[in-house]
Amino acid sequence: MDTMRERFATTVSRLLDDDPRLAVVLAEIGKDGFTDAARAHPDRVINVGIREQLLVGVGGGLALTGLRPILHTFASFLVERPFEQVKLDFGHQGVGGVLVSAAGSYDWPAGGYTHMAPGDVALLDTLDGWTVHVPGHPDEAETLLRDAAAAGDDSVYVRLSAHSNPAPRDIAPGRFLTVREGRGGVVIAVGPMLDSVLTAVEGLDVTVLYATTVRPFDARTLHAGAGTAGDVVLVEPYLAGTSTAAVNDALADRPHRVLGLGVPRRELRRYGTIDEHLAGQGLDPASLRERISGFLR
């Protein structure tokens, strides 16, 4: 199986052939995946080098000319480092584009904390109107990338990950997927957390909703799935509690409780592996089962 980043490069390279409005902007990272596309479309595949603020500024400038820019690098360099440019060159200018990140919370632990960005979605939440996709499988990444590329002038963030579920789901952009139904509460699994959540809740009488689009938040599906139980557990692969406010808004008309699980603010200072980071953050199946069952009781 290819990775999400590999699928990103092949999918967007094909889209460049089909849509003359699309342009790709890179900051060195990921350039090898676009070698053929750069030869075919030298005016629409731009590598600015290791200059992340410029990456976003060039993307905003291309959007002002009427193009639809697709920007790519690690999440820490795409959202955190050039956040002022994201805020001004896209939001303030009133133009849209597609930001496609990699590495995320701890996808490349050997890179250290400089290459980790568990707060990226929470940071984008301070801006108006961003759509945020979090695929859990390369097939889902392709579906969401194609939707983002065709999304007019909207601003879209696609959070790719090296951590993925073993099989894709039949997702629809913007909607939660009901994976199983139960009466003892709702567990929302975001992107690559689905497989761990399903293992964790085996034998528990709970509804599991699968979220690959977290902004806009699918309040309607959550409201329908919550029934009268009123207990919701969020399992997100980034900063814990990022979407708790969205859950509270969705269930504002009924009594409810929310537990937000994700990456805590404390820093794990050992490199390790993705699996070791999941365990260290309490996001492995055994830890999730203990925390979910304890809350729902």
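Is Ala27 buried or exposed? With a relative accessibility of 1%, Ala27 counts as buried, where buried means under 20% relative accessible area, exposed means over 50% and partly exposed is in between (1.4 Å probe, protein chains only).

## Ground rules

This is a predicted model, where local features need pLDDT of at least 70 and side-chain atom pairs count only at pLDDT 80 or more, while totals for chains, interfaces and linings use all residues. Residues are numbered from 1 along each chain as its sequence is written, and side-chain values use heavy atoms, with hydrogens and water left out.

Ala27 sits in the loop between S1 and H2; helices (H or I, at least four residues) and strands (E, at least two) are DSSP runs, numbered from the N terminus. Leaving out residues up to four places away in sequence, Ala27 touches Asn47, Val48, Gly49, Ile50, Arg51, Leu55 and His72. Contact here means heavy atoms within 4.5 Å. Ala27 and Thr73 are 46 residues apart in sequence, yet their C-alpha atoms are 6.4 Å apart in space.

Glu28 belongs to the loop between strand S1 (22-26) and helix H2 (35-40). Its phi is near 75 degrees, a positive value in a residue other than glycine. At 30% relative accessibility, Glu28 counts as partly exposed.

Thr213 lies in strand S10 (residues 213-215) and counts as buried, at 1% relative accessibility. What does the side chain of Thr213 make a polar contact with? The partner is the side chain of His133, at 2.8 Å. A polar contact is a pair of N or O atoms within 3.5 Å; within protein, one must be able to donate a hydrogen and the other to accept it, and residues adjacent in sequence count only if both atoms are side-chain atoms. A polar atom of the Thr213 side chain also lies 3.0 Å from the backbone nitrogen of Gly174. Not counting residues up to four places away in sequence, Thr213 touches Thr131, Val132, His133, Leu144, Pro173, Gly174 and Phe176.

Pro216 is placed in the loop between S10 and helix H9 (219-226).

## The nonpolar cores

In soluble globular proteins, nonpolar side chains tend to be buried together. The largest nonpolar core in this model has 42 residues, and Leu71, Trp130, Tyr157, Ile188, Leu222 and Val247 touch the most other members. Such a core is a set of buried Ala, Val, Leu, Ile, Met, Phe, Trp, Tyr and Cys residues joined through side-chain atoms within 4.5 Å. Helix H3 (residues 52-64) gives the most to this core, with four residues. A second, separate core has 26 residues, including Val197, Val201, Val263 and Ile292.

Take Tyr157 as an example. Leaving aside neighbours within four places in sequence, Tyr157 is in contact with residues including Ala75, Leu78, Leu99, Asp120, Trp130 and His133.

## The largest pocket

About 180 Å³ of space lies in the largest pocket. On a 1 Å grid over the protein atoms alone, a cavity is a set of points where a 1.4 Å probe fits but cannot get out, and a pocket is an open set with protein on both sides within 12 Å along at least five of seven lines; lining residues have an atom within 4 Å of a point. Grid points are joined across faces, edges and corners, and a volume is the space filled by probe spheres set on the points.

Helix H1 (residues 4-18) gives the most to this pocket's lining, with three residues. The lining includes Met4, Arg5, Phe74, Ala103 and Trp108, and by class it has seven nonpolar, two polar and three charged residues. Ala, Val, Leu, Ile, Met, Phe, Trp, Tyr, Cys and Pro count as nonpolar, Asp, Glu, Lys and Arg as charged, and the others, Gly among them, as polar. Ala103 lies in the loop between strand S4 (98-102) and helix H6 (120-124). Its phi is near 80 degrees, a positive value in a residue other than glycine, and Ala103 is buried, with a relative accessible area of 8%.

## The cavities

How many cavities of 30 Å³ or more does the structure hold? There are two. The largest has about 90 Å³ of space and is lined by 13 residues, with Tyr113, Met116, Pro118, Val263 and Gln281 nearest its centre. The second largest cavity has a volume of about 60 Å³, and its lining includes Ser105, Tyr106, Arg159, His163 and Leu278.
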